[in-house]
Amino acid sequence: MDARPVWLDDEPELLALLNAVLDRFDHQSGETRQKSIVFKVEEHLPSLASADAAADQRWALLQMLKRYGVLSIRSGRRSVYDPEWQAAKVAFAPESEEILRAWLGRAPTERAMQAWRRAVLSHALAFADGGAALLSRRIVIGDRTPDEVVAALARSADIAGPATLRQLSAFAFWGDSKVLDERGDLVAALFPQLDVLDRPIVVAVHLPARADGILFIENQDTYTAAARGTPAQAQDLALVYASGFRSSALRIRARSGALLHFAGAGAADARAAFERWWFDAGEPAGPCHFWGDLDFAGMQILKTLRQRFGDVTAWRCGYEPMLAVLRQSGGHRGGSESRGQIDPVATGCAFADEALLPAIREYGQLDQELPMGL
């Protein structure tokens, strides 16, 4: 099985891992080129540390790459309470190099890697570790030379105050704010003196004059419609825009990790009570629900929301009409795995586990934005 997975372009962290493998192959020569490349999983997939739904999904996709035959996974020592990736390693046999080069469109670049290493060593004094962490982590930017890229990165040592990775990247790389995404561990090794800030997650919250519960909504169109009063069953609920996996992130309930933006009739009077629940484990306004896409990714978000916020259940008022449409007409079957979706098996919510997940497995998937006259 050597066809490139169609979901790989949507996984920058996994792409970075595969490119790092090819960088290592490029650096090998002679007998060492016949040895497997072995990486610690948590060092090259730092998002696993968040232990959220996105981390679970990324681990599942890594296991899918194992089924493609490009890597093997070596389990590490862990307790029964640790995630599977705890202390695990991934190994890439020499036979995987050809497949990876075809997937990533990369010819052998031993000369380029040698040029990169020379550039790193020429600026070694700018880095706390002498550039050791950078020697095998080549950064390619358009038509910039290796020396230009390394010299630009070295300028980050001049940053005096706290900054996010996006700000550091824009400062160093000619205004490009995304170069250092997924490279936080590299920055920490090169510049341990820098105060690198996590970017707060911006969360939109719509509060009615009186809330009888809380509803996390996955998609923007549905959230804005609910804020305007459709469906009617949501009018007395506090609405939270749970975009993708953001609201399931580990830092979502920390004041330093989330920034809540309020709107609605209750924005002034009910804000303080909502923040006490969100940040300080106070009492919620009522039962907590989730409504999103009727697919595996939506169920995975529900599963992790339950880990972050307690007894969150699939919202029957939203999902039951979708379930009826799915059973009657079926849903799209683009292939869950082709979209990077993995069956979460169980969420802990009885309605989701006994009705929604079995229907997805049998009939396909429905996006939340489907008009149903709610």
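Analyst: A nonpolar core is a set of buried Ala, Val, Leu, Ile, Met, Phe, Trp, Tyr and Cys residues joined through side-chain atoms within 4.5 Å, where buried means under 20% relative accessible area, exposed over 50% and partly exposed in between, with a 1.4 Å probe and protein chains only. The model is predicted, so that local features need pLDDT of at least 70 and side-chain atom pairs count only at pLDDT 80 or more, while totals for chains, interfaces and linings use all residues. Residues are numbered from 1 along each chain as its sequence is written, and side-chain values use heavy atoms, with hydrogens and water left out.

The largest nonpolar core has 53 residues, and those with the most contacts inside it are Phe216, Phe274, Trp278, Tyr319 and Leu356. Its largest share, seven residues, comes from helix α13, residues 350–363; helices (H or I, at least four residues) and strands (E, at least two) are DSSP runs, numbered from the N terminus. A second, separate core of 35 residues includes Leu22, Trp85, Leu104 and Ile342.

Leaving aside neighbours within four places in sequence, Phe216 is in contact (heavy atoms within 4.5 Å) with residues including Val240, Trp277, Trp278, Phe290, Leu305 and Val312.

Turning to the sheet, six strands form an open one in the order β9-β6-β8-β7-β10-β11, with mixed pairing; two strands pair if DSSP finds at least two bridges between them. At the edges stand β9 (258–263) and β11 (312–314), each with a single partner strand, so one side of each is left without a neighbour in the sheet. On average, neighbouring strands of this sheet are turned by 30° against each other, direction ignored, where axes are lines fitted to C-alpha atoms, for helices over the stretch in contact, and angles run from 0 to 180 degrees between N-to-C directions.

Strand β10, residues 288–291, is joined to β11 by three bridges, and the two run parallel. Phe290, one of the contacts of Phe216, has Ala314 in β11 as its bridge partner. Across β7 (214–217), β10 and β11 lies helix α11, residues 296–309, which runs at about 160° to β11.

As for the setting of this part, the protein chain has 13 helices and 11 strands, and 46% of its 374 residues count as buried. Residues 24 or more positions apart account for 72% of the contacts in the chain with a separation of 6 or more.
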